[in-house]
Amino acid sequence: MKARGLVIASALAALGCGGFEVPPPEESAAGASAMSEQLPSNAVCAAEDDEPLTNEYPKGLRVVGNRIEDENGTQLFLRGVNRSGSEYRCIQGGGFFDGACDEASVRAMKTWNINAVRVPLNEACWLGLSAAPADFAGEAYKRAIQSYVHLLHKYALIPILDLHWSRAGDAPADSLDPMPNADHSPALWRDVAQTFADDSGVIFEPFNEPFPDRNRDTAEAWECWRDGCMAQNWEPTAVPYQAAGMQELVTSIRDTGATQLILLGGVVYSNALTRWRDYRPSDPLNNVAPAWHIYNFNGCSNPECWSAAPQALAQDFPIVATEIGQDDCQSDFITPLMAFLDEHSSGYLAWSWNVQGKCQAASKEHQGNPWPLIDSFEQATPNSPYAKAFRDHVLEPSPRP
């Protein structure tokens, strides 16, 4: 989800996935207040003290043509959810996760027949920067993420770690910048890669939703996306900073010896894939693939657009739509989208696996509360026609080519 602009005081950032501004429910004042009263503030999601795993879970994930395969050569169709919270709770000083993250909650996830969970990261919290609350940053934050990854593996779920909130300099990473920054983002990915050096079952998504060059799909935007640039005059209130490009982040990961699959979202909040092929960063392992974010209010939100750049790209690369969603609580958009993605053997993860009250449609005038998929972490009951359509679809067998 895209972030820019404060919603309450100085703690929460307004989000919308391109197009107009639509904050997700966890970042509304009422939603944050309600959640803080009922949720544990410092839960670390460990699986029985992180006992050694004895189960089989997908490892050695790699790109083979337009497929994702595991170490056994089995093709994987990633179908999952986004577990939002770890990008914002720590920087707010409220803990590591937003809501239950124990084994019961992960077992509930499995009842939807998913096999992937996207876990957002906060740059300042992971690196223990001075702007992050000390109790929820540095080694404590890393330990929480590692424990949750371990727990997901216990249930054969594939974790996707993405850099969701970042900020150059000494400012708190309390929203999404247009691009990663040279100050901290390469260092974060070196450290993440080293932390999970022996875990080839984790996928890396180096940056959530790039929107360089004033959120335009231009050659200048794609050049900055790959090579970095000075981020300035893109937003009225933004402080200029040196942006790190995707090539630098890929290199930072590979220089550690890490072999993990890397997913790279395009420009315009990862919704535009028009020049992804032309500007694809060099990877000595050729283990990079496109990430795609697509909501009903994005620019590329209709079948005519899907059948252009995304469909052409899917012929040669395995696309993973790491965020999909519909902001009116209905299902008329999400249903044909999933059918299109299935047809092209593309993965998809719904936003978001959170409990935040009744689903309320968003509009240009009101942010609504359209994103929580469930009304209970233990029961995992779908919260809307949107959520039910997604749940019912992924309960069906995975597509086969």
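Rings of Phe, Tyr and Trp (for Trp, its six-membered ring) pair if their centres lie within 6.5 Å; planes under 30 degrees apart count as stacked, over 60 as edge-to-face and the rest as tilted. Keep that rule in mind for the first stops.

This is a predicted model: local features need pLDDT of at least 70, side-chain atom pairs count only at pLDDT 80 or more, and totals for chains, interfaces and linings use all residues. Residues are numbered from 1 along each chain as its sequence is written, and side-chain values use heavy atoms, with hydrogens and water left out.

**Stop 1: aromatic rings**

Select Phe96, Trp126, Phe136 and Tyr141. These residues form one aromatic cluster. A search of the whole structure finds 18 aromatic pairs. Trp222 and Trp225 make an edge-to-face pair, 5.0 Å centre to centre, with 65° between the planes. Show helix H7 (residues 219-227): both tryptophans lie in H7, three residues apart, about one turn of the helix. Helices (H or I, at least four residues) and strands (E, at least two) are DSSP runs, numbered from the N terminus. An α-helix has 3.6 residues a turn, so residues three or four places apart point the same way.

How do Trp222 and Tyr279 pair: stacked or edge-to-face? Trp222 and Tyr279 are stacked, at 6.2 Å centre to centre and 25° between the planes. This pair links distant parts of the chain: Trp222 is in helix H7 and Tyr279 in helix H10 (residues 276-279), 57 residues apart. Trp222 and Tyr279 are buried, and so is Trp225. Buried means under 20% relative accessible area, exposed over 50%, and partly exposed in between (1.4 Å probe, protein chains only).

Move to Tyr57 and Lys59. The charged end of Lys59 sits over the ring of Tyr57, 4.1 Å from the ring centre. The test: NZ of Lys or CZ of Arg is within 6 Å of the ring centre and within 35 degrees of the ring normal.

**Stop 2: disulfides**

Select the cysteines. The structure holds four disulfides, each a pair of cysteine sulfur atoms within 2.5 Å.

Start with Cys90 and Cys125, whose sulfur atoms are 2.1 Å apart. The torsion about their S-S bond is about 100°, so this disulfide is right-handed. Cys90 is in the loop between strand E5 (79-82) and helix H2 (103-110), while Cys125 is in helix H3, 35 residues apart. Both Cys90 and Cys125 are buried.

A disulfide joins Cys224 to Cys229, S to S 2.1 Å. The link of Cys224 and Cys229 is left-handed, with -65° about the S-S bond. Cys224 has a relative accessible area of 2% and is buried.

Next, Cys329 and Cys359. Their disulfide is 2.1 Å from S to S. Which hand does the disulfide of Cys329 and Cys359 have? The torsion about the S-S bond of Cys329 and Cys359 is about -100°, so it is left-handed. The pair links distant parts of the chain, 30 residues apart: Cys329 is in the loop between strand E13 (320-325) and helix H13 (334-343), and Cys359 is in the loop between strand E14 (347-350) and H14. Cys329 is buried at 5% relative accessible area, and Cys359 is buried at 11%.

**Stop 3: Lys388**

Lys388 is in helix H14 (residues 385-394). At 43% relative accessibility, Lys388 counts as partly exposed. Its side chain makes a polar contact with the side chain of Asp392, at 2.6 Å. A polar contact is a pair of N or O atoms within 3.5 Å; within protein, one must be able to donate a hydrogen and the other to accept it, and residues adjacent in sequence count only if both atoms are side-chain atoms.

**Stop 4: helix H5 and the cores**

Show helix H5 (residues 185-195). Its buried residues are Ser185, Pro186, Leu188, Trp189, Asp191, Val192 and Ala193. They pack against several elements, including helix H4 (139-154), strand E7 (158-165) and strand E8 (203-205).

Select Phe204. Leaving aside neighbours within four places in sequence, Phe204 is in contact (heavy atoms within 4.5 Å) with residues including Leu161, Trp189, Val192, Ala193 and Ile253.

Finish with the largest nonpolar core. A nonpolar core is a set of buried Ala, Val, Leu, Ile, Met, Phe, Trp, Tyr and Cys residues joined through side-chain atoms within 4.5 Å. Of its 100 residues, Ile145, Leu161, Phe204, Trp292 and Ile324 touch the most other members. H4 gives the largest share, seven residues. Another core, of 15 residues, lies apart from it, with Leu78, Ile158, Ile160 and Val320 among its members.
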